[in-house]
Amino acid sequence: MDSYEITANAKLNLFLRVRGKLSNGYHSLYSVMQEIELADTLTVNICPERGNVFDIKCIGRNDIDPEKNLCRKARDRFFSSLRKKAAADPSIPDAKLWKKGSFPNIEIVLTKVIPSESGMGGGSSDAAATLMVLQEHFGNPFSDDELNQLAVNVGADVPFFLYGGTCLCERVGEDITSLSSLAGIPLIIVKPPKGVSTPECFHAIDSEPLPEFDEERYSAFISGLNDASKDPLARFLEGADLLTNDLEIPSIEKVPEIRNARELLLGSGAEFSRMTGSGSAVFAMYKDEKTRDAAYDQIRNDPELSGCEVFVSKTV
Ligand code: C5P
């Protein structure tokens, strides 16, 4: 049996603009996604037996139905694509077995730290980690573009995790441009007890006209963000009024604690605070660890945040 240990980091959407609705029902997005230190861990065992068995054990947070776990979807998509590839190209290793649909048994032990329905991409990151392990184990059968396509079919946020770091993510989430690193920014993240369902949130924005999107200003901002000679936080904050999240209003309607958390974080010495993705987690950026740690001491027992989880982290 071959065993792989892998960490699956969370992400934040540092800002998120919705540019329109695509014919497939998804929305075309424009967002800078940032990998952060907070992470799940996976042990992936690839067994010698080819019994098509998939087994996942979740520890830490037991709130994921194994049937709906995105690691399962990643494994299913990976093997079914490999089967199709083997049918088209009999020269790939083990093509005969893949063609027959004879897949090795996979066992995953997933230690969950990243809360679900938070907008931090935990399930997507776990799925990307599964895809990367399978891609490596089976000798890189897919090109980067093929793996990217496979990833977006598992979930809109999955392609980002194949890259990590700091990326501009466009369209559904598959059009990715790596940017200069914004690593090292100290963070506090507040996750209200109630989560937000992503499809419901996107559905809610369909009934309102989309806010304006000034393409030229965003392009100029992204060029500046790529200037690694400047301090990461300073170059990010230059975006000023561009750094909004179009999903914040519908999510606040469902979970009003999002607004309270933002206000509290901004009042604790943060340089910037936003909801990530469709929520319900809210992050805040601090100029240094000392200010962040003082803010953490100040807010963690605040009755306004009762029932919320509060995480200390940083961009990576
Ligand atoms: O792809 P994923 O399952 O993560 O997306 C969850 C839901 O979020 C989709 O079913 C869709 O309703 C919505 N979504 C969207 N446009 C995106 C990403 C997600 O409409 N770019």
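This is a predicted model: local features need pLDDT of at least 70, side-chain atom pairs count only at pLDDT 80 or more; totals for chains, interfaces and linings use all residues.
A polar contact is taken here as a pair of N or O atoms within 3.5 Å. On the nitrogen side, a backbone N or O atom of Val172 lies 3.1 Å from a nitrogen atom of the ligand. Taken alone, the ligand exposes 450 Å², and the protein buries 75% of that.

Around the ligand, the shell includes Gly25, His27, Leu29, Gly155, Thr198, Pro199 and Phe202. By class, the shell comprises six nonpolar residues, four polar ones and no charged ones. Two or more shell residues come from each of β2 (27-46) and α6 (198-205), and α6 contributes the most, with three.

Turning to the sheet, four strands form an open arrangement in the order β8-β9-β7-β10, with antiparallel pairing. Because β8 (272-275) and β10 (309-314) each have a single partner strand, one side of each of these edge strands is left without a neighbour in the sheet. From one strand to the next, the twist averages 20 degrees. Strand β7 (residues 186-191) runs antiparallel to β10 and is joined to it by six bridges; Ile188 has Val312 in β10 as its bridge partner.

Two helices pack on this sheet. Helix α10 (residues 257-266) touches β7, β8 and β9 (282-285), and its direction makes about 170 degrees with that of β8. Helix α11 (residues 289-299) touches β7 and β10, with its direction at about 25 degrees to that of β7.

Technical notes
Residues are numbered from 1 along each chain as its sequence is written. Side-chain values use heavy atoms; hydrogens and water are left out. A residue is near a molecule or strand if one of its heavy atoms lies within 4 Å of it. A polar contact is a pair of N or O atoms within 3.5 Å; within protein, one must be able to donate a hydrogen and the other to accept it, and residues adjacent in sequence count only if both atoms are side-chain atoms. Accessible areas come from the Shrake-Rupley method with a 1.4 Å probe; for residues, only the protein chains shown count as cover. Ala, Val, Leu, Ile, Met, Phe, Trp, Tyr, Cys and Pro count as nonpolar, Asp, Glu, Lys and Arg as charged, and the others, Gly among them, as polar. Two strands pair if DSSP finds at least two bridges between them. Axes are lines fitted to C-alpha atoms, for helices over the stretch in contact, and angles run from 0 to 180 degrees between N-to-C directions. Contact means heavy atoms within 4.5 Å.
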